[in-house]
Amino acid sequence: MIGYRTHAVLVCAARSCPPLQRFAYAGDKFEEQNDRAYQAWLARADLNKFLPNERKVEVSSIFKWFKQDFDKAGGVRKILGQYAPQSVREFAAGGKYDTKYLPYDWGLNDQGRHGRNYSRAHLLFDNIFK
């Protein structure tokens, strides 16, 4: 069963989703590819923040919205400890921090300027008039 892993590999089109990967997932390489996808997602400081000096993490709302999926795998803190950037992995695994969920950015999940500037208003406009 794919469980919590789906949230890094079957991503949506919103900017706050995990970054789109530039490869096709393969059954025999899925575990490794999933690990890389989670690591890339958690390493993006605009999507997730690890603040050891403040004893807190600020992570995507996806971790709150799909908490049950992460709980089945040991909880959000376990997942953060497993995939956080190496420089903060021990801190994330320790679990001695407050967790804040970041506001969701509905801009396009792309690396270009268009996605960065695509607002929720643009999304509504596009849905109404296109």
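Q: What makes Glu54 and Lys56 a salt bridge?
A: In this predicted model, the closest N and O atoms of Glu54 and Lys56 are 3.4 Å apart. A salt bridge requires a side-chain nitrogen of Lys or Arg within 4 Å of a carboxyl oxygen of Asp or Glu, so the pair qualifies.

Q: Which residues are joined with Glu54 into one network, and what joins them?
A: Lys56 also forms a salt bridge with Glu58, with the closest N and O atoms 3.3 Å apart. Salt bridges that share partners join Glu54, Lys56 and Glu58 into one network.

Q: Why is Glu58 called buried, and why is Lys56 called partly exposed?
A: Buried means under 20% relative accessible area, and partly exposed lies between that value and 50%. Glu58 has a relative accessible area of 10%, so it is buried. Lys56 has 24%, so it is partly exposed.

Q: What makes Glu31 and Arg5 a salt bridge, and which parts does the pair tie together?
A: The side chains meet at 2.5 Å, N to O, and the cut-off is 4 Å, so the contact counts as a salt bridge. Glu31 lies in helix α2 and Arg5 in the segment before α1 (6-9), so the pair ties together parts that are 26 residues apart in sequence.

Q: Are Glu31 and Arg5 buried or partly exposed?
A: Glu31 has a relative accessible area of 47% and is partly exposed. Arg5, with 15%, is buried, because buried means under 20%.

Q: How many salt bridges does a search of the whole structure find?
A: The search finds five salt bridges, including Glu31 with Arg5.

Q: What makes β1 and β3 the edges of the sheet?
A: The sheet is open, has three strands in the order β1-β2-β3, and shows mixed pairing. β1 and β3 (98-101) each have a single partner strand, so one side of each is left without a neighbour in the sheet. Neighbouring strands are turned by 15 degrees against each other on average, direction ignored.

Q: How do you know that β1 and β2 pair?
A: Pairing needs at least two bridges between the strands, and β1 and β2 have three, in the antiparallel sense, so they pair. Phe50 stands opposite Val57 in β2.

Q: Which residues of helix α5 are buried, and what do they pack against?
A: In α5 (residues 76-83), Val76, Ile79, Leu80, Gly81 and Tyr83 are buried. The buried residues of α5 pack against α2 (30-43), β1 (49-51), β2 (56-59), α3 (62-65), α4 (67-71) and α6 (89-94).

Q: How many helices and strands are there in the protein, and which pattern do they follow?
A: There are eight helices and three strands, and along the sequence they read α-α-β-β-α-α-α-α-β-α-α. Of the 130 residues, 38% count as buried.

Notes:
Residues are numbered from 1 along each chain as its sequence is written. This is a predicted model: local features need pLDDT of at least 70, side-chain atom pairs count only at pLDDT 80 or more; totals for chains, interfaces and linings use all residues. Side-chain values use heavy atoms; hydrogens and water are left out. Buried means under 20% relative accessible area, exposed over 50%, partly exposed in between (1.4 Å probe, protein chains only). Helices (H or I, at least four residues) and strands (E, at least two) are DSSP runs, numbered from the N terminus. Contact means heavy atoms within 4.5 Å. Axes are lines fitted to C-alpha atoms, for helices over the stretch in contact, and angles run from 0 to 180 degrees between N-to-C directions.
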